[in-house]
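Please examine the sequence and the three-dimensional structure shown below.

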Amino acid sequence: MAATPAPPGENLRINGDRLWDSIMEMAKIGPGVAGGNNRQTVTDEDGEGRKLFQQWCEDAGLTMGVDRMGTMFMRREGTDPDAPPVYVGSHLDTQPTGGKYDGVLGVLAGLEIVRTLNDLDIRTKHPIVVTNWTNEEGTRFAPAMMASGVFAGVLDQEDVYVHTDHDGKKFGDELERIGWKGDEEVGARKDKMRAFFELHIEQGPILEAEGKDIGVVTHGQGLSWTQVTITGKEAHTGSTPMPMRRNAGLGMARVLELVDEIAWSHKPHAVGAAGHIEVYPNSRNVIPGKAVFTVDFRSPDLAVITDMEQRLKIGAKKICEEMDLGIEFEKVGGFDPVEFDRDCVKAVRDAAERLGYSHRNLISGAGHDACWINRVAPTAMVMCPCVDGLSHNEAEDISPEWARAGADVLFHAVVESAGIAE
């Protein structure tokens with residue numbers, strides 16, 4: 001990122017009450033069954049949330065652009081319309097049993113930056129673009145961070161259009177059905193970005209445990225998703241002798257133990273588990289004939305990820321050979337570890353110090369749109385604590401004070417990058 005103008009004064013703060021009210025209002029769309037949200041990507045609920053966000057942005061004087069992946073770009077003009085814009089945002093889609101804050105905080109904090117600038121009658125030299133990236137979660141349609149991946153050129157648009165959900169519906173068809181397939185070429189903006197900033201809840205326990213207000217994200221963990229299919233033979237659970245069983249479920253259990261062992265061998269930063277698991281035919285009195293599960297390995301070190309992938313394949317094949325089971329592997333997602341732009345990271349750290357918020361460096365354990373955008377523009381992330389580190393759960397929780405602090409730091413980093421017009 002080019003040299004930045006003087007930072008905004010420390011007395012400039014966002015309207016925390018308005019931000020919180022907006023989060024609570026958005027949470028009314030796609031309510032979950034246990035107090036959270038189910039607003040999965042390109043569902044009717046996603047479309048309704050987008051409409052509300054659009055209305056709020058237009059009320060704040062922003063103009064909208066939508067690309068062919070459905071990503072929303074809401075622009076506040078700068079005094080120099082030819083200056084490269086500063087982008088800020090995250091995502092509005094949720095997990096099936098998601099919380100109110102994952103992604104939503106970053107989008108609505110971006111809107112709150114604009115509202116605050118309007119309140120104070122402050123103009124910036126560079127335009128500011130508040131962004132809602134499509135399908136960050138990747139739960140209904142894999143992979144995660146889909147739209148930002150296409151934007152950055154690491155995923156193919158036509159390929160992801162034909163990805164299907166559990167019911168066989170195609171992503172591209174569903175995007176068009178809800179009316180959010182735009183006409184802007186995906187990635188057309190990437191060569192004209194001054195910077196991108198994303199605020200997110202930590203989705204981990206470190207900030208709360210250490211009593212820190214702000215996480216200054218320096219790196220993002222790399223991720224590897226490998227779908228494993230183990231095949232055995234369906235048979236009656238009561239009448240099939242133990243030595244004659246080819247139990248795919250048992251094979252999966254032993255492979256999952258291996259996954260845990262591999263991750264522990266690279267502690268403390270590497271992690272591994274399987275979250276998506278399907279067993280067939282999933283009947284009480286039938287020995288499973290097939291098991292399909294996705295192994296999720298993460299580490300900030302690419303060599304560690306490579307080692308974990310190789311050990312999984314070698315060890316799982318050995319387990320299945322000994323049990324007379326078939327096994328197949330398919331890489332279904334992943335990205336390399338990320339080092340965020342040092343100038344943008346410094347802007348975040350300086351903002352936290354200027355505002356008097358306690359802070360520490362963090363490595364993000366989760367994938368975020370910022371991880372892909374970092375490939376095409378200077379990028380950094382701000383994190384705030386979440387209760388018990390819990391996320392991807394309807395019980396996900398943060399305090400209004402945490403949201404306010406994160407948005408204050410985001411405000412200062414974005415406005416410093418955009419430059420206050422004289």
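Predicted model: local features only at pLDDT ≥ 70, side-chain atom pairs only at ≥ 80, totals over all residues.

Residues are numbered from 1 along each chain as its sequence is written, and side-chain values use heavy atoms, with hydrogens and water left out.

An unreviewed UniProt entry places the feature "domain: Peptidase M20 dimerisation" at residues 221–312; such annotations may be inferred rather than shown by experiment. This span is 30% helix and 37% strand, where helices (H or I, at least four residues) and strands (E, at least two) are DSSP runs numbered from the N terminus.

Four strands form an open antiparallel sheet in the order β9-β11-β7-β12; two strands pair if DSSP finds at least two bridges between them. Because β9 (271–280) and β12 (326–335) stand at the edges with a single partner strand each, one side of each is left without a neighbour in the sheet. Strand β7 (residues 222–231) is joined to β12 by nine bridges, and Thr226 stands opposite Lys331 in β12.

Helix α9 (residues 302–322) lies across β7, β9, β11 and β12, whereas helix α8 (residues 248–264) lies across β7, β9 and β11.

The largest nonpolar core has 99 residues, of which Phe53, Leu108 and Phe197 touch the most other members. A nonpolar core is a set of buried (under 20% relative accessible area, 1.4 Å probe, protein chains only) Ala, Val, Leu, Ile, Met, Phe, Trp, Tyr and Cys residues joined through side-chain atoms within 4.5 Å. Helix α12 (residues 400–418) gives the most to this core, with eleven residues. Another core, of 21 residues, lies apart from it and includes Leu258 and Met323.

Key
Buried < 20%, exposed > 50% of the residue type's maximum accessible area, 1.4 Å probe, protein only. Contact = heavy atoms within 4.5 Å. Axes fitted to C-alpha atoms, helices over the stretch in contact; angles between N-to-C directions.
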